[in-house]
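Student: Could we go through this model together, one question at a time? I would like to hear about the charged side chains and then the sheets.

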Amino acid sequence: DLQTTQIQSEKTILRIMQPFTNHNGGDLAFGHDGKLYIGMGDGGSGNDPQGNAQNLSSLLGKILRIDVDQQKEGKFYGIPHDNPFRTQSKIAPEIWAYGLRNPWRFSFDSENGDLYVGDVGQSGREEINRIQGGGNYGWNIMEGTICTPGVHPSCDPSRYAAPIFDYPRGE
């Protein structure tokens, strides 16, 4: 029957363990380039206690980009040749962009393919980012355009990609 056929054709291509039950991301889509983009939250709890978003060996707190039409290096997917960290040791090659808290929704611009992401704030700001390959969007050092309250009371915003729009959580 149809249901049995669907189950038999399903294949898990990537499994990422989550240390907490929240901030698990929530969107995936194929880009105009045919690659699969995956939004991954920082793993949960408050203020990213495991430091996943800034840790380039972790897949959490990131936008990942993989090629599901290839199988390489013992995985059910390949790493696109133009992923920004593909050739760097001790960095997960799947990472397209990092420093995100919980990229729950994203969309590609239908005309130019730009990727826009809604990222949930902790307690101060919500943000929308235009994602660039290799970009660091600052979480947990920055929350939107401010230094993360209670975590990094002072920081250098020039070190991180600024959101195109942010707003207080109360709005």
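Student: Where is Asp42 found?

Tutor: Happy to start there, with a word on the model: it is predicted, so local features need pLDDT of at least 70 and side-chain atom pairs count only at pLDDT 80 or more, while totals for chains, interfaces and linings use all residues. Residues are numbered from 1 along each chain as its sequence is written, and side-chain values use heavy atoms, with hydrogens and water left out. Helices (H or I, at least four residues) and strands (E, at least two) are DSSP runs, numbered from the N terminus. On that numbering, Asp42 sits in the loop between β2 (36-40) and β3.

Student: Which side chain of opposite charge is nearest to Asp42?

Tutor: Lys and Arg count as positive and Asp and Glu as negative, with His and the chain ends not counted. Buried means under 20% relative accessible area, exposed over 50%, and partly exposed in between (1.4 Å probe, protein chains only). A salt bridge is a side-chain nitrogen of Lys or Arg within 4 Å of a carboxyl oxygen of Asp or Glu. Asp42 is buried yet has no salt bridge, and at 4.7 Å the nearest side chain of opposite charge is Arg101.

Student: With which side chain does the side chain of Asp42 make a polar contact?

Tutor: A polar contact is a pair of N or O atoms within 3.5 Å; within protein, one must be able to donate a hydrogen and the other to accept it, and residues adjacent in sequence count only if both atoms are side-chain atoms. The backbone nitrogen of Gly44 lies 2.9 Å from a polar atom of the Asp42 side chain. Asp42 also touches residues including Asn52, Leu60 and Trp139 (heavy atoms within 4.5 Å). The side-chain partner, at 2.9 Å, is His23.

Student: How many salt bridges does a search of the whole structure find?

Tutor: Side chains of opposite charge can pair when their charged atoms come close. Over the whole structure, the search gives 8.

Student: How far apart are the closest N and O atoms of Arg105 and Asp27?

Tutor: Arg105 is partly exposed, at 41% relative accessible area, whereas Asp27 counts as buried at 14%. These two residues form a salt bridge, with their closest N and O atoms separated by 3.0 Å. The pair links distant parts of the chain, Arg105 in strand β5 (residues 103-108) and Asp27 in the loop between α1 (2-9) and β1 (28-30), 78 residues apart. So the N to O distance asked for is 3.0 Å.

Student: Which residues are linked with Arg65 in a network of salt bridges?

Tutor: Arg65 is buried, with a relative accessible area of 2%, and Asp82 is partly exposed at 40%. Asp82 and Arg65 form a salt bridge with closest N and O atoms 2.8 Å apart. Asp82 lies in the loop between β3 (62-66) and β4 (95-98) and Arg65 in strand β3, so the pair ties together parts 17 residues apart in sequence. The residues linked with Arg65 in the network are Asp33 and Asp82.

Student: What is the order of the strands in the open sheet that contains β5?

Tutor: Two strands pair if DSSP finds at least two bridges between them. β5 and β6 pair antiparallel over 5 bridges, 5 bridges join β6 to the antiparallel β7, and β7 (residues 125-131) pairs with β10 in the antiparallel sense over 4. The edge strands, pairing on one side only, are β5 and β10 (165-168). The order of this 4-stranded sheet is β5-β6-β7-β10.

Student: Which residue in β7 is the bridge partner of Leu115?

Tutor: In strand β6 (residues 115-119), 4 of the 5 residues are buried, so the strand is largely enclosed by the rest of the structure. Leu115 is the partner of Phe108, and in β7 its bridge partner is Ile131.

Student: Which residue in the turn between β5 and β6 has a positive phi?

Tutor: These strands form a hairpin with 6 residues between them. The phi in question is about 80 degrees, and it belongs to Gly113.

Definitions and conventions. Lists of a residue's contacts leave out its neighbours within four places in sequence.
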